[in-house]
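Student: I am new to this structure. Please pick a single part, look at it closely, and then show me what surrounds it.

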Amino acid sequence: MEYVIEMNNITKEFGNFKALDDVTFKVKKGEVHALLGENGAGKSTLMSVLFGLYQAEKGEIKINGEAVKINNPNDANALSIGMVHQHFKLVHNFTVLESIVLGKETIKRGFLKMDDARKKVMDLSNRYNLRIDPDAYISDITVGMQQRVEILKMLYRDNDMLIFDEPTAVLTPQEIEELMKIMKHLVDEGKSIIFISHKLNEIKEVANRCSVLRKGKYIGTVDVETTSKEEMSEMMVGRKINFHLDKIEVKPGETVLEVKNLTIRSKLSKKDVVNNVSFKARKGEILCVAGIDGNGQSELVYGITGLMPINNGQIILNGEDITKKSIRKRSVAGMSHIPEDRHKHGLVLDYNLQQNAVLQTYFEPRFQNHGFIKFGAVRQYAQKLIGQYDIRSGQGEDSIVRDMSGGNQQKVIIARELDRNPEVVVAVQPTRGLDVGATEYIHKQLIAQRDAGKAVLLVSLELDEVMDVSDRIVVMYEGEIVADLNPKEITVQELGLYMAGSKRSVNNEKEA
Amino acid sequence: MKKKHNLLQSKGTSSFFSVIMAIVAGLLFGFVILLISNYKNAFPALITIIKGGFTNGTSGLGQVLYMATPIIMTGLSVGFAFKTGLFNIGASGQFTTGAFVAVYIGIKWTFLPSGIHWIVALLGAIIAGALWGMVPGILKALANVNEVITSIMMNYIGIYLVNMLIVKSIYDPLKNQTESVPKSAIIPRGGLEQLFDVKNMNIGIFIAIFAVILIYIVLSKTTFGYELKACGHSPSASQYAGINDKRNIILSMVIAGALAGLGGGLLYLSGSGKYMQVIDILAPEGFNGISVALLGMSNPIGILFAGLFIAHIKVGGNNIQLYNYSAEIIDIIIAVIIYCGAFSLLFKNLIHKLTRRNKLEKEEGR
Amino acid sequence: MDIFYFIVQQTMFFAIPLLIVALGGMFAERSGVVNIALEGIMVMGAFTSIFFIHFMQDKMSGQLLLILAVLVAGLTGGIFSLLHAFASINLKADQTISGTALNMFAPAFAIFTARMIQTVQQVQFTDTFFISKVPVLGSIPVIGPLLFRNCYITTYIGIGIAIAAEIVINHTRFGLRLRSCGEHPQAADSVGINVYKIRYAGVVISGVLAGIGGLVFVVPTSTNFNATVAGYGFLALAVLIFGQWRTKRIIFAAFFFGIMKTFASAYSGIPFLKGLPISNEVYKMIPYIATLVILTISSKSSQAPRAEGIPYDKGSR
């Protein structure tokens, strides 16, 4: 059996750091080949080398048996390699058609001539059943259609080897199913597919073979059909992992945070992105807000924490109405917030660890005296957090946070938000982009808060996280709460139906 | 602990080194221009520029301090706004309005006793500059209008408004400038004029140094400074932390404006025979302030030295007119210094990032 | 009616340079580079081209000389802008600082050079370019006096540039690629577009146009060049923002400011304004105050290119 892609002994270094260490990766013609690994294992780096975005220090690449040099995406394209990136590479104010032809435009004397391109795109769209509206603007179409645009970009360029970088992260279960069908269809038409993922279920469903990377090293390639999920995950993580978190039973206490009829209207689309949402979070309970990205969860959290004005409704913290209170007042009243975007909101990246450690508390008398910062107290406090939360960095409390790893940056936020003894912890996708070890650690911290009698409001897009960590689940769909569920009584499939909006168990009027 | 100290030191020295590199590049470029225009005198002219204020004994030094005072203030103004993430290109207009109010109070409010008169006039300058800086601040905070454009507009509005008000109130039509400021409104000399052998020396330089120290303390020792810098680095994270970013943007521009306004007062109440002219030209002190702030890397202490350095070579620039060179060569040199500084800073950061990352990975490798 | 013609003709003198320079700014910013150096580039373009006229006017005159001067101005601006391109694209320096450095450099260089060559800093020239009436076209009723009398050939160059800019940005391959680099350079890179090259092109086009704009500003309004373009480069930036980075709106914005400027400088020639008890300085302030007001109103719905001002780094994605 011949290989269409052979990457032999690839080594890629950033400074002294070996992102890829002697990695070998081979894809057969007409297969779906999964590339499995944790965040930071080197999957994206390996694909970037194949796609010409990075050049490897060592190793060779063979395409259809011939050694090649790939210096940029143009070279990759000429070799008929295409890629759907994890974060779509689409210009928001371009039309679908413009986005597809960009870089390979049909022209006449320098002027754009879209007619030929339009015909080819529509033919491909029909042939592969990739529904698109060629004249819609990217900012107006769904994530699912954006992904179809990305796939059409590759087909328009007549690519035969297609790379899908974590393509399911942003899709609904139904869209995922459709994508799987599309991938199978593409393979039937003779294309070869590399499917980057860390979701074993999906790999099981669609892939023929699976190669595993761990910390930049090649671990092995297995046949998917004959290998169990447990075996694959052990290859990925390097040890047996416990899929189930140990949780003691805690009986929820009184209500800490109550949200009543919260409505937020988007300034751009004039739609209610959060529509009449009500729920209660109680002591000793992890309440999870589940849903597919973009169904109003972010806005809901912004509304609760005060980052975004609300149009209607009430927010009550420990019996006190905080609806009109400032962010600072809510924070002082006991609301901790582990934000969705740790670089944008959670940290001042150019401040050092100490300065970030007191971002929510610098004004308290323990850290300042008549407006003058008590530098000694700040330093001691940072050292305490570093020890207690095992935060690792180059220069201890003097490290600039920008230079720290993602996992340790997140630990700084967790430490800061949990150490100020909050009443309620609002945690939004706290494990995004982290490896299994860090994820486990953060889950344990959240459960410890719950065990200590705090209320935890967890917003998550990861189904596994939702099922494993939470004590109660509310599902958001198009700004509304459509279900209030007990994780012990439902299956992942059921949850998926609620998330996709095809099932609902809560009426809008009823209080959750 | 010792290790950390060394690191901080090396960071300081490397930024100092990068500034020196930029200065050398600027001087070299200036030298080439001098060579091209008239190669015979180029070398002595270069030496004269470098010697700057040291050429004419204490009077040269006095001249440097006199010229440095207003540009330290405008530099402080620009640098302070930089710390909050704002580019105050409007220091010129704030300087001009401050100068006008100071001169106006100086000429009109003669009922004030002589020990107080000049102080009130300077306070007036501070308030006028603050108001002028407040407008772009408010527009930025409340309507998110780019402060660069608005403060440039405020520069032009300021110059035309001040011209109009001068003509209406304190105009000397013969000389097309303001009337003279009476003695009681002139900043005290404090004996410095004898020490430096320059008659326009006064305690203004000490006021500027006091402002430098004050701003240094505010920025690096107080919670207010902590908030301002947080807004400068990351407006979104400051908002998340409950810091009132809108208030801080406005306050930052108000303070920046006040500093530039005070600079205007200090210059035109110095009794040096310099008058506000009625011409449609923006005050160059405001733009020199940008150079001073960039060269001083927005650090108040750095700004003090940058202001002295630029005044120093400007004195040198005046002296090379003896060799028939135009003094504008100094502005060319400064522009080149700023241009090179823009990326020498970058190289420095790059080196730091690389060394730090290596360290990080070593310590994190597990 | 004569007053109306007068106002339109005057407006052209002010609006056309603003239009040309703002369109230049559009090319830079829509490729992703903020070009605050427009002012300095205008000064450089005006300086070399006026100097060119100054030296050549003994040998030639009229429209040929002006067109050659336009070429000199554009060439100067293009070359000078390379400095900004190099700093902001290759070295990833702060674009505002680099632009500020160029703005400081240009007038100092112009004064220094003028003084070294001819001892005074003002560069004199004789205006042999004024067209009192274009043959044939000037005789058309209404349109003739409106557009083809008391004008300069630079007006038509400006209009030509505006039409070309609209076509290039919206209907060519280059325009499509330029826009993608300003909005989402990673997307452009991933389909094999060289972001650095495109951004260089954007900045150099802005330099060429700003250089031309400098000359076009000086010729109708003066007979010497004194190392300044009176803040027109900055006004052009305001026009660009008011025009929301879109050609058609920029044209509208430029003419709006042109009218404002006309009132400011030529109000004494307009009877109903002349009678008002308003001082000269107030008229001078009007364009700038109008800018403030308009920016305040229009800034809420900004359509600025999303990647504007952010250096593109191939490594970080």
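Tutor: Start with helix 12 of chain B. Its buried residues are Glu285(B), Gly286(B), Phe287(B), Asn288(B), Gly289(B), Ile290(B), Ser291(B), Val292(B), Ala293(B), Leu294(B) and Leu295(B). Buried means that 20 or more other C-beta atoms lie within 10 Å of a residue's own; with 12 or fewer a residue is exposed, in between it is partly exposed, and the C-beta atoms are placed from the backbone. Helices here are DSSP runs of H or I with at least four residues, strands are runs of E with at least two, and both are numbered from the N terminus.

A word on the ground rules. This is a predicted model: local features need pLDDT of at least 70, side-chain atom pairs count only at pLDDT 80 or more, and totals for chains, interfaces and linings use all residues. Residues are numbered from 1 along each chain as its sequence is written, while chains are lettered from A and ligands numbered from 1 in the order in which they are written.

Back to helix 12 of chain B. Eleven of its twelve residues are buried, so the rest of the structure largely encloses this helix.

Two residues are in contact if their C-beta atoms, placed from the backbone, lie within 7 Å. Between chain B and chain C, 34 residues of chain B and 36 residues of chain C take part. On the chain B side, two or more residues come from each of helix 5, helix 6 (147-169), helix 12 (284-295) and helix 14 (329-364). Helix 6 of chain B gives the most, eleven residues. What classes of residue make up this side of chain B? There are 25 nonpolar, seven polar and two charged residues. Nonpolar covers Ala, Val, Leu, Ile, Met, Phe, Trp, Tyr, Cys and Pro; charged covers Asp, Glu, Lys and Arg; the others, Gly among them, count as polar.

Now set that against chain A and chain C. Their contact takes 18 residues from chain A and 14 residues from chain C. Helix 2 (73-78) and strand 8 (111-112) of chain A each supply at least two residues to the chain A side. Helix 2 of chain A gives the most there, with three residues. By class, this side of chain A has seven nonpolar, eight polar and three charged residues.

Step back to chain B as a whole. Chain B has 14 helices and two strands. Of its 366 residues, 57% count as buried. Among contacts in chain B between residues at least 6 apart in sequence, 78% join residues at least 24 apart.

Chain B is split into domain 1 (1-38 + 325-366) and domain 2 (57-324); such bounds come from an automatic or database domain assignment. Twelve residues of domain 1 of chain B touch 13 residues of domain 2 of chain B. Helix 1 (2-37) and helix 14 of chain B each give two or more residues to the domain 1 side. Helix 14 of chain B has the largest share, seven residues. That side has nine nonpolar, three polar and no charged residues.

Next, a helix pair in chain B. The axes of helix 5 (residues 114-143) and helix 11 (residues 245-268) of chain B come within 6 Å and cross at roughly 145°. Axes are lines fitted to C-alpha atoms, for helices over the stretch in contact, and angles run from 0 to 180 degrees between N-to-C directions. The residues of this contact between helix 5 and helix 11 of chain B are 20 nonpolar, eight polar and two charged. Helix 11 of chain B is itself largely enclosed by the rest of the structure, because 22 of its 24 residues are buried.

Last, one residue. Gly204(B) sits in helix 8 (residues 204-221) of chain B. It counts as buried because it has 30 C-beta neighbours inside 10 Å. Beyond its neighbours within four places in sequence, Gly204(B) is in contact with Thr69(B), Ile187(B), Leu266(B) and Ser270(B).
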